[in-house]
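Please have the model open while reading.

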Amino acid sequence: MGSIVAENRKSLMLFSGRGFPELADEIGQVLGVAPTPADSYEFANGEIFVRFKDSVRGSDAFVVQSVTEGVNRWVMETLIMIDALKRGSAKRITVVLPFYPYSRQDKKHRGREPISARLVADLLKTAGANRILTVDLHTAQIQGFFDGPVDHLFAMDILAEHVQKKYAGRPMTVVAPDSGRVRVAERWTDRLGGCPLAFIHKTRDPLKPNQVVANRVVGEVEGRVCLIVDDMIDTGGTITKAADILWETGAADVIVASTHALLSDPATERLKNSRISELVVTNTLPLPPEKRLDKITVLSIAPLLARAIREVFDDGSVTTLFGGLS
């Protein structure tokens, strides 16, 4: 009986959404693969159209989309890109979401509320995504919302290396801005050699989003550099109020390390007038020129994303990049 023997070839193709194409270009430079050209535009009524100019048949497709301001627009564009790849016969589709949209809506606080983080996962799966690659989820449980592999990357090493170099030799305390971030802060203390841990006891009114009341500091902060760690900064209310109470408690300096710089208004003004001396973030989201304060340091996440993409493509282990963390 005759047969046809095909050579087993794999091709990595990179695709960029319009949310932050500069990040996809930077990832492509590290990988040595340019993003595939595409026609992407909106009709007069706002409907989005996407068509890739090169054949995607049989490819290992990686869709990079930074879901920045105008969240719903970029989520929809991502779904349309995935559908175009699926109908173009891509072999596997991995969605690279440096910032996972709707991640704060990961559970019901009260009755009749949505779990929008789960809805986003369902939409991605239905569109045709086989895998998700993301950075510093708001809560790790979101990984379980997607019916397929989720590669959860951590920006801590990138941020911590900068902090260690700049503040070497000064006594430091890692501060969790609320009790929910204590586990993350514990990882930071281990990464920084076992420095003390503190946290801010605060209350939040569930009926008033983005409004926080900071109460008191629990932990050793007097005369020390206080490093506040968080996964994202939106309006800046939490960290600026935390900085105020740390200064009142005797902190020598207050710095902040955060992965995702949403910086929705009035965050820039709050940071500018705050007692925070430096805010260290990554470029998972674009930071427009009008929001680039002198006290903001932006570190590139592209090398980490490129390494993870390469591991996925080579069927390697992404977990080994972080010593087994997940």
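In what follows, Ala, Val, Leu, Ile, Met, Phe, Trp, Tyr, Cys and Pro count as nonpolar, Asp, Glu, Lys and Arg as charged, and the others, Gly among them, as polar. By that scheme, the lining of the second largest pocket divides into 11 nonpolar, seven polar and six charged residues. The model is predicted.

**The pocket**

The second largest pocket holds about 410 Å³ of space. Its lining has 24 residues, and those closest to the centre are Leu137, Phe154, Arg181, Val184 and Arg187. Helix 5 gives the most, with four residues.

Where does the second largest pocket lie relative to domain 1 and domain 2? Domain 1 (12-153 + 303-320) and domain 2 (156-285) both give residues to the lining, so the pocket lies between them.

**The annotated pair**

An unreviewed UniProt entry lists His138 and Asp178 under "binding site". The two are spread over 41 residues of sequence, yet they cluster in space, with a largest C-alpha distance of 13.1 Å. From this set, the lining of the second largest pocket takes in His138.

His138 sits in the loop between strand 6 (131-135) and strand 7 (150-153). Beyond its neighbours within four places in sequence, His138 is in contact with Ser103, Arg104, Arg181, Asp231 and Met232. One of these partners, Arg181, is also among the residues closest to the pocket centre.

Asp178 belongs to the loop between strand 8 (172-176) and helix 5. Is Asp178 buried or exposed? Its relative accessibility is 16%, so Asp178 counts as buried. The cut-off for buried is under 20%.

**A glycine in a loop**

Gly88 lies in the loop between helix 2 (71-87) and strand 5 (92-97). Gly88 counts as partly exposed because its relative accessibility is 23%. Leaving aside neighbours within four places in sequence, Gly88 is in contact with Val56 and Arg57. Gly58 is 30 residues away from Gly88 in sequence, and their C-alpha atoms are 8.8 Å apart.

The accessibility values are set out below.

| Residue | Relative accessibility | Class |
|---|---|---|
| Gly88 | 23% | partly exposed |
| Asp178 | 16% | buried |

Methods. Residues are numbered from 1 along each chain as its sequence is written. This is a predicted model: local features need pLDDT of at least 70, side-chain atom pairs count only at pLDDT 80 or more; totals for chains, interfaces and linings use all residues. Side-chain values use heavy atoms; hydrogens and water are left out. Helices (H or I, at least four residues) and strands (E, at least two) are DSSP runs, numbered from the N terminus. Buried means under 20% relative accessible area, exposed over 50%, partly exposed in between (1.4 Å probe, protein chains only). Contact means heavy atoms within 4.5 Å. On a 1 Å grid over the protein atoms alone, a cavity is a set of points where a 1.4 Å probe fits but cannot get out, and a pocket is an open set with protein on both sides within 12 Å along at least five of seven lines; lining residues have an atom within 4 Å of a point. Grid points are joined across faces, edges and corners, and a volume is the space filled by probe spheres set on the points. Domain bounds come from an automatic or database domain assignment. UniProt positions are given in the numbering used here, feature names are shortened, and annotations may be inferred rather than shown by experiment.
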